[in-house]
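Here is a friendly walk through a model that you can follow on screen. Keep the sequence and the 3D view side by side as you read.

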Amino acid sequence: MKFAIALYSPAHAPSSRRALLFAQAVLAARHEIVRLFFYQDGVHSASANVVTAQDELDIPAQWRDFVNTHRLDGVVCIAAALRRGVLNEQEAERYSRPSANLSAPWDLSGLGQLHDAVQAADRLICFGGP
Amino acid sequence: MPHSLLIISRQPPWSGPNAREALDIALAGGAFDLPLGMLFLDDGVLQLLPLQSAAQLQQKDLTANLQALSMFGVEDLFACHTSLVERGMSPNELSVEPIQVLRDHEIAELIDRYDQVITI
């Protein structure tokens, strides 16, 4: 089965950890993830600038490794990301900001990518939100 | 057949970007001519109050964007009757039209009709 997974909550929220565990379980069961889409506060999990204490779970690093290992399509909503200070090199330059904190494996793109994933997937599973 | 998507907006208009970010999903999907519906539930119905003074909170008014939904191809708009009544709102005086006001059992049927659901 093809899954699209959307994450709305920040890295420190329990639902962020559940999303990662779910995504891992999807692949372990030999299903497919057509796209990960980070929206709202979920964009913080794609930031390269999150520093986690050594004895705590580093969710952004785990997401990064997971996406890299499985060569997944990891999309971060550009409007939500800009609003929250998550920028790649191109956007940092465009808006004259001093630094970028988003790089591979993540892509900044629009909400059309969420709709595209909804169309491509058999199931959309969302984590976070109210 | 494209997958249909119901966006459930449950957050009030002026407590952060939630209401706008739910609306943005609908507007983006409308541009692709996808079968979309939007349901205002719980505090989300507060977005439908007429005569809001967003400028006093130094915010941009969402009402014009909500009213533009039908122009963007999102014509299936719904509001929860129970949520409206709980907040002292009249189903006949909403800022967005046309909108279908649904009873609880109709909301269950509505969610069932859509292929996918996003709740914000």
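The radius of gyration used here is taken over C-alpha atoms, and the globule rule is 2.2 Å times the number of residues to the power 0.38. For the 120 residues of chain B, that rule puts a compact globule near 14 Å, and chain B agrees because its own value is 13 Å. This is a predicted model, in which local features need pLDDT of at least 70 and side-chain atom pairs count only at pLDDT 80 or more, while totals for chains, interfaces and linings use all residues. Residues are numbered from 1 along each chain as its sequence is written, and chains are lettered from A and ligands numbered from 1 in the order in which they are written.

**Chain B as a whole**

Along the principal axes, the C-alpha atoms of chain B fill a box of roughly 45 × 30 × 25 Å. Of its 120 residues, 39% count as buried. Burial is a matter of counting C-beta atoms placed from the backbone: a residue is buried with 20 or more others within 10 Å of its own, exposed with 12 or fewer, and partly exposed in between. Contacts also use C-beta atoms placed from the backbone, which must lie within 7 Å of each other. Taking the contacts in chain B with a separation of 6 or more, 72% are between residues 24 or more positions apart.

Helices (H or I, at least four residues) and strands (E, at least two) are DSSP runs numbered from the N terminus. Chain B has four helices and five strands, and along the sequence they follow the pattern β-α-β-α-β-α-β-α-β.

**The sheet of chain B**

In what order do the strands of the open sheet in chain B lie? The order is β4-β3-β2-β1-β5, with parallel pairing; two strands pair if DSSP finds at least two bridges between them. At the edges are β4 and β5 (116-119) of chain B, each of which pairs on one side only. From one strand to the next, the twist averages 25°. Such angles run from 0 to 180 degrees between N-to-C directions, with axes as lines fitted to C-alpha atoms, for helices over the stretch in contact.

Strand β1 (residues 5-9) of chain B runs parallel to β5(B) and is joined to it by four bridges. Within this strand pair, Leu6(B) stands opposite Val117(B). Helix α1 (residues 18-31) of chain B lies across β1, β2 (36-40) and β5 of chain B, at about 160° to β1(B).

**The sheet of chain A**

Chain A has an open sheet of five strands too, in the order β4-β3-β2-β1-β5 and with parallel pairing. Its edge strands are β4 (106-109) and β5 of chain A, each pairing on one side only. Strands β2 (residues 32-38) and β3 (residues 74-77) of chain A run parallel and share three bridges; Leu36(A) has Gly74(A) as its bridge partner in β3(A).

Helix α1 (residues 14-28) of chain A lies across β1 (2-7), β2 and β5 of chain A and runs at about 165° to β1(A). Helix α5(A) lies across β1, β2, β3, β4 and β5 of chain A, running at about 155° to β2(A).

**Where the chains meet**

Contacts between the chains involve 17 residues of chain A and 17 residues of chain B. On the chain A side, α3 (78-83), α5 (112-120) and β5 (123-127) each supply at least two residues. Helix α5(A) gives the largest share, five residues. By class, this side of chain A has ten nonpolar, six polar and one charged residues. Here Ala, Val, Leu, Ile, Met, Phe, Trp, Tyr, Cys and Pro count as nonpolar, Asp, Glu, Lys and Arg as charged, and the others, Gly among them, as polar.

**Backbone details worth a look**

| Site | Backbone feature | Value |
|---|---|---|
| Ala104(A) to Pro105(A) | cis peptide bond | omega near 10° |
| Glu97(B) to Pro98(B) | cis peptide bond | omega about -10° |
| Arg30(A) | positive phi | phi near 65° |
| Gln58(B) | positive phi | phi near 55° |

Pro105(A) lies in the loop between α4 (89-94) and β4 of chain A. Pro98(B) sits in the loop between α3 (81-86) and β4 (100-102) of chain B. Why does Pro98(B) count as exposed? Pro98(B) is exposed because 9 other C-beta atoms lie within 10 Å. Its C-alpha atom is 9.3 Å from that of Gln67(B), 31 residues apart along the chain.

Arg30(A) is found in the loop between α1 and β2 of chain A, and it is exposed, with 7 other C-beta atoms within 10 Å. Gln58(B) belongs to the loop between β2 and α2 (63-67) of chain B; with 6 other C-beta atoms within 10 Å, Gln58(B) is exposed.

Definitions and conventions. Contact = placed C-beta atoms within 7 Å.
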